[in-house]
Amino acid sequence: MAGEDDSEQMRAAIRAEVQGQIIECLNRFYAMETGMWGKPVDCLIIRTVVQGRLQGKLYDLSALAEVLDLPISTLHRKIGELVESGFLSREPRGKSIYIAPTDTTNIALDQSFDSMVNTLRRLYKGDFDFEAMDLCGES
């Protein structure tokens, strides 16, 4: 019985440590993003546009509004602000206008990449075998 209690306490301690490291990682990424791009919703828009570009998917205003579940009027206003700030650009292609990250945005993201990688390395620096351990108490 005592062995089971110790095992459960160890599992709970490891889970708490992993959760703490994940939250620290997310907080660092949040701080980096808001430091580069401003308000959280602005960061969400820019991150989505950048990710789309990396995956070969271009977003026009209506597709971006659908993906982010934001009203088109709000997104139109925010995109205008982000274009004016130099973070995004509008790229006309045929009958559509796509939203794209600017070189400034891509450079800022590249410069912060090392910091992001170091944060992820810190997250995974533990001596735990995450594959073998049941951190969530599931079988």
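Which residue forms a salt bridge with K78? I looked it up: the partner is D42, with the closest N and O atoms 2.9 Å apart. A salt bridge here is a side-chain nitrogen of Lys or Arg within 4 Å of a carboxyl oxygen of Asp or Glu.

**Ground rules.** I am reading a predicted model, where local features need pLDDT of at least 70, side-chain atom pairs count only at pLDDT 80 or more, and totals for chains, interfaces and linings use all residues. Residues are numbered from 1 along each chain as its sequence is written, and side-chain values use heavy atoms, leaving out hydrogens and water.

**K78 and D42.** K78 lies in helix 4 and D42 in helix 2 (residues 40-54), so this pair ties together parts 36 residues apart in sequence. Helices (H or I, at least four residues) and strands (E, at least two) are DSSP runs, numbered from the N terminus. I found both K78 and D42 buried. Buried means under 20% relative accessible area, exposed over 50%, and partly exposed in between (1.4 Å probe, protein chains only).

**E91 and R53.** I checked this salt bridge next: its closest N and O atoms are 3.2 Å apart. E91 sits in strand 2 (residues 88-93) and R53 in helix 2, 38 residues apart. R53 is partly exposed, at 31% relative accessibility.

**E81 and R77.** Their side chains meet in a salt bridge at 3.6 Å, N to O. They are four residues apart in helix 4, so about one helical turn separates them. E81 is partly exposed at 33%, and R77 is partly exposed at 45%. Salt bridges with shared partners join D42, R77, K78 and E81 into one network.

**Tally.** I searched the whole structure and got six salt bridges.
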